[in-house]
Amino acid sequence: MSATTIPLETLLANAGKEVGLSPWRVVTQTMIDQFADATDDHQFIHCDPARAATETPYGGTIAHGFLTLSLLSAMTFETLPQLEKSKMGVNHGFDEIRFLAPVKTGARIRARFVLADVKARPSGWVQMTHDVTIEIEGSKKPALTARWLTLAFVEPEPDGA
């Protein structure tokens, strides 16, 4: 998890800018198999290396698109600073997700984050919109692109503070 924090003013000033590039991470067959167990999606293109090698154009197994998408949480925590005085953060949804290229087993991926928009609400909730690209090492095409909305809660200052 990123140990750094940034004040709201800095976050607001970063709107429209690239704000982070995660470290590379390897997508292993073990990760894929565990995701298949958790989601009951055991399609052979993910879980049967021998069959996937002969019956798919990928030469072996590939990660579930939703596994790749779910890794955004970990890549966020290891890359982006937390909002100063934030009590918690939650997913708010996606405006758009496009799966553009398969992530082959053993591939390395990383996430590139552009802070597209920030809205600070009087309630203390801060909505951040990130345009995210998950890149595959050695590939011209990314695994996916997404517009991701998250919320952070900052306790409002008491009146007169």
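How much space lies in the second largest pocket? About 300 Å³. This is a predicted model, where local features need pLDDT of at least 70, side-chain atom pairs count only at pLDDT 80 or more, and totals for chains, interfaces and linings use all residues. Residues are numbered from 1 along each chain as its sequence is written, and side-chain values use heavy atoms, leaving out hydrogens and water.

**Pockets**

A pocket is an open set of points on a 1 Å grid over the protein atoms alone, where a 1.4 Å probe fits, with protein on both sides within 12 Å along at least five of seven lines; lining residues have an atom within 4 Å of a point. A volume is the space filled by probe spheres set on the points.

| Pocket | Volume | Lining by class |
|---|---|---|
| Largest | About 560 Å³ | 15 nonpolar, ten polar, no charged residues |

In the second largest pocket, 16 residues form the lining, and L8, K85, V154, E155 and E157 are the closest to the centre. For the largest pocket, β5 gives the most to the lining, with five residues.

**Cores**

A nonpolar core joins buried Ala, Val, Leu, Ile, Met, Phe, Trp, Tyr and Cys residues through side-chain atoms within 4.5 Å; buried means under 20% relative accessible area with a 1.4 Å probe, protein chains only. The largest nonpolar core has 23 residues. Among those that touch the most other members are V27, L72 and I109. α5 gives the most to this core, with five residues. A second, separate core has nine residues, including I6 and V118.

Definitions and conventions. Helices (H or I, at least four residues) and strands (E, at least two) are DSSP runs, numbered from the N terminus. Ala, Val, Leu, Ile, Met, Phe, Trp, Tyr, Cys and Pro count as nonpolar, Asp, Glu, Lys and Arg as charged, and the others, Gly among them, as polar. Buried means under 20% relative accessible area, exposed over 50%, partly exposed in between (1.4 Å probe, protein chains only).
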